[in-house]
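Subject: Structure handover

Hello,

Here is the structure for you to look at. My notes on it follow below.

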Amino acid sequence: MQILINGKSTSVTDKTTILTIMQERKLSNGRAVVELNEMIVDKTAWSTTFFKENDTLEIVTFMGGGSK
Amino acid sequence: MIQMMNDDKLIIGKKILKSRLLIGTGKFPNNKKMPAIIHAGDAAVVTVALRRANEHSQSENILDYIPDDVILMPNTSGARTADEAIRIAHLSKAMGCGDWIKIEVIADNRYLLPDNQETLKATQLLVKEGFTVLPYISPDLMTAKHLADAGAAAIMPLAAPIGSNRGLRTKELLKIIIDEIDLPIIVDAGIGKPSEAAECMELGAAAILTNTAVATANAPQQMAAAFSLAVKAGRIAFLAGMGRTSSIRASASSPLTGFLRKEAN
Amino acid sequence: MSSENFLAEKQFYNHLDFKDFFAHVTPQTVQQTLSKEHLTRKDFLVLLSPAAQDCLEEMAQRSRYETIKNFGYTMQLFTPMYIADYCDNLCVYCGFNHKNTISRRCLNMDEIKIEAANIAQTGLRNILILTGESQKYSPVDYILEAVQVLHDYFDSIAIEVYSFSQADYNRAVQAGVDGMTMFQECYNKKVYQSLHPGGPKANYEFRLDAPERACRAGMRNVNIGALLGLNEWREEAFFTGIHADYLQHKYKEVEIAVSTPRICPCSADYKPLSLVNDHDLVQYITALRIFLPRAGLTLSTREKPQMRDNLIKIGITKISGGVTVAVGGHTKGDDGGQFKISDERSIPQMAKMLYAQGYQPVYKDWQTLI
C-alpha cells in the first residue's frame, strides 16, 4: 500500500510498523517524534502500529534553529 | 562586583539560569563547533527548531552537540498560525527534552515580523497545558500585558527584524515593556553587535538571545565570548544604576519659584 | 511583580528609615537625580528630601517641562458639590465629625437639580459630588439616584464619598460615574487610627484598598491623596507617590491623579502634627510631577489665590473654582462647611485668570458614548 512519509509517497507492506521505518532511517534511538495522521504516537507503541492505505506519517527531529 | 553578579539570579519558569545569554543554533556552518561556542558564550539556554527528519538520516543530531548544563528551548519556527505553533509545541514536548517552548509565529516572509495575535492565542493554550512559554513578539505593550496575564514565563520582544543585525531599533518600546511588565524581558532578534546587547541590558532587559550575529561572525567562538562579556557588563551597569542619562535642561526662563521668596518677605 | 494589593506593596518599606535615608542625601545627589530621564521610587524619595529644598527652582523648571510636554497649556476646572453632610465618622480634624453639633442637611433630588443648574450655568460640564458617610442619610442608592439626576446637567460625574464595596463600585460605574476621589488622609496606620477613632472610616485597610476596587470596577479616573499635616509630610508624600505609581502600573487603563491638600484651620479644633509650608508644597508637587510625568495633579481651594496662580505653572493639571464646601452652597451661598476655603474666585474668574496666564480652561475632559 501507499502511505505519505514526510510528504513523500512511499510503499509499505501490511507487516510494516512505525518501528520498521524508524530503524531503516536510523531514527529509532528516540531522538525523533512521529505523528500518524496528525496524532503523536508514543515511542512505546511504535512496534505495534501498522499502516492503512493513505496514512500520513510525519517524522520530525530537532535541528539547528534560533530564529527562523 | 563578583558578589553583585552572584546575588543577581534570573529565574524563568522554575529554573535558575546560569547566565543572561541565550544562543540560537541556526545558521551555523558546522554543528561540531557548537559545544565550544556555547561554552565560550556561557549560554544558559540554547534554542533549537523542529523539522522533518531527513529521509536517510546519516546526518548528525543537534542534540549530540548541546552540553548537558544548558536548558534546551525548542522554538516553533515555521509556524504561521497559533494552531501550527501548538502542534510544533506538542511534538517538541514528545521529544522528551523538557517543557520550555519559545512561541514564534511568523506569517510575514518579507520582514519576518511575528504575528502577536496568533502568538497570544498559542500562549494562552500552551500555558494551560503546563508548558513554560516564552513568546516572541513585536514590542507592543498591550500584547505583552495580555501575555503576562495568560501566564507567559518571560516575554521576548524583538530589537529589529530577525537576522537583520540592525541593532536596537525598538529601544523606546522595549524600555516601556521592561518598565511596565512584571516578567523577565528577553530581547530577541536584530542584535548585531555585543555593544547593542550591552545597551539592552543597561535598559534593564533580563537577558539577550543572539543567533545570527554569532553564527555569521568570522570567529563565532570569539563572538560568543564577546556577547557574554557584553551582557555581563550591561547587567552590572544596570545594577549599578545608570547616572546622567538625559540632557533635559529646561530653559531657565523666568524663575518659577520667585513667589516663594516674595511670600517670605 | 505587582503586589496583591497596596497594603502588601507598602510592606516593602516597613523598615525604611526616612531620617537615615535623608541624612545621606546631598544637593549633589538631587542634581544627579534631576538629570535622569526616568526616576525610580528611590529617586522620588531623594526629591522629597530636605536637601532638595536647595534645588526647588531646578525642580520647578523640570516639573514645568514635564507638565507642558504631557498636558500642554490646558487646565481642567472642576467644582465640588456637597449634597449631604451627615456623618458617622469621628475624624478629629474634620468639620463634619459626627460629634460636631452643626446643623446637617441632605439635599433631595429637586434641591440637587437646582444646585446642578446653578453650577452648569458657569459652563462646567463635569461635577464632583461629595457626601459624609451615613448609611441612613446618604447610602449608595441615594448617591446613585443623585448621579441619575446629574446626568441631565453634566457629561462627567465623579464621586468623593466614603469607601464602597467592590459590588457598589461596580454599580457606580454602571450608573455612569466615571471618576472617584479617595483620600487615604494618612498612610501611617498608627497615626491614622488615632485620627479616626470611630465610624466605618476607622478601617484603615478597607479605605487603603478603595482606589484599587474602583480601578477594578472600571472607573476611568481615580484620584488619591494624603491630607498633609496629619503626619510627617515627607513620609506621607512618599507613600502617596508610591500608591499612585502602584495603581498606574497595575491598572494601565485608568487615569491616576493625585491631590496635595494641606490641612488648614476648619470648624474642628485640631492642631496639625506637622506644618507644611509653601516651600514644602512646591517640593511635593514638583517631585510628584517629575516622578510621575503622566499623573494628573489636582489643587483645591485650600490654597490662596497667589499660591494657586503660581502652582498651575509648575505642575498642576486640574484646579477647582467657584467652590463652596457647604451642602447646598451653590444655591444659598456658603456658611461654614467641611473646611475653610482660601480662594473665593468663581469658575468664570478662574477661566479669565487661566487665559491671562496662557492656559486654556477645560470644562470637561472627556465624555462616555453611552
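Chain A averages a pLDDT of 85, where pLDDT is the predictor's confidence in each residue, from 0 to 100. In chain A, 94% of the residues score at least 70. Among the elements of chain A, β5(A) has the lowest mean pLDDT, 86. Strand β4 (residues 39-41) of chain A has the highest, 91. Elements are DSSP runs numbered from the N terminus: helices are H or I with at least four residues, strands are E with at least two.

This is a predicted model: local features need pLDDT of at least 70, side-chain atom pairs count only at pLDDT 80 or more, and totals for chains, interfaces and linings use all residues. Residues are numbered from 1 along each chain as its sequence is written, while chains are lettered from A and ligands numbered from 1 in the order in which they are written.

**Between the chains**

Two pairs of chains are in contact, and chains A and B share the most contacts. (Two residues are in contact if their C-beta atoms, placed from the backbone, lie within 7 Å.) Chain A and chain C do not touch. Their nearest C-alpha atoms are 29 Å apart.

On the A-B side, 33 residues of chain B are in contact with 20 residues of chain A. Three elements of chain B give two or more residues to this side: β3 (21-24), β4 (45-52) and α3 (82-94). The largest share, six residues, comes from β4(B). By class, the side of chain B that touches chain A has 17 nonpolar, 13 polar and three charged residues. Here Ala, Val, Leu, Ile, Met, Phe, Trp, Tyr, Cys and Pro count as nonpolar, Asp, Glu, Lys and Arg as charged, and the others, Gly among them, as polar.

Strand β5 (residues 56-64) of chain A is joined to β4(B) by five bridges, and the two run antiparallel. (Strands pair if DSSP finds at least two bridges between them.) A:Phe62 has B:Leu50 as its bridge partner in β4(B).

**Chain B**

Chain B has an open sheet of three strands, in the order β6-β7-β8, with parallel pairing. β6 (100-103) and β8 (156-157) of chain B are at the edges with a single partner strand each, so one side of each has no neighbour in the sheet. Strand β7 (residues 132-137) of chain B is joined to β8(B) by two bridges. B:Ile137 has B:Pro157 as its bridge partner in β8(B). Helix α4 (residues 116-128) of chain B lies across β6 and β7 of chain B, at about 175° to β7(B). Axes are lines fitted to C-alpha atoms, for helices over the stretch in contact, and angles run from 0 to 180 degrees between N-to-C directions.

**Chain C: the sheet**

Chain C has an open sheet of 10 strands with parallel pairing, in the order β2-β3-β4-β5-β6-β7-β8-β9-β1-β10. β2 (80-84) and β10 of chain C stand at the edges, each with a single partner strand, so one side of each is left without a neighbour in the sheet. The twist averages 30° from one strand to the next.

Some pairings to find:

- Strand β1 (residues 74-78) of chain C pairs with strand β10 (residues 360-362) of chain C over three bridges; C:Met75 is partnered by C:Pro361.
- β1(C) also pairs with strand β9 (residues 318-320) of chain C over three bridges; C:Phe78 is partnered by C:Ser320.
- Strand β4 (residues 156-160) of chain C pairs with strand β5 (residues 177-185) of chain C over three bridges; C:Ala158 is partnered by C:Gly179.

Helix α12 (residues 233-250) of chain C lies across β6 (221-226) and β7 (255-259) of chain C, at about 160° to β6(C).

**Chain C: a helix pair**

Helix α6 (residues 109-120) and helix α7 (residues 140-150) of chain C pack at about 45°, with their axes 10 Å apart. That makes α6(C) oblique to α7(C). Angles under 35 degrees count as roughly parallel, over 145 as roughly antiparallel, 65 to 115 as roughly perpendicular and the rest as oblique. The contact uses C:Met109, C:Ile112, C:Lys113 and C:Ala116 of α6(C), with C:Glu145, C:Ala146, C:Val149 and C:Leu150 of α7(C). These contact residues divide into six nonpolar, no polar and two charged.

Best wishes
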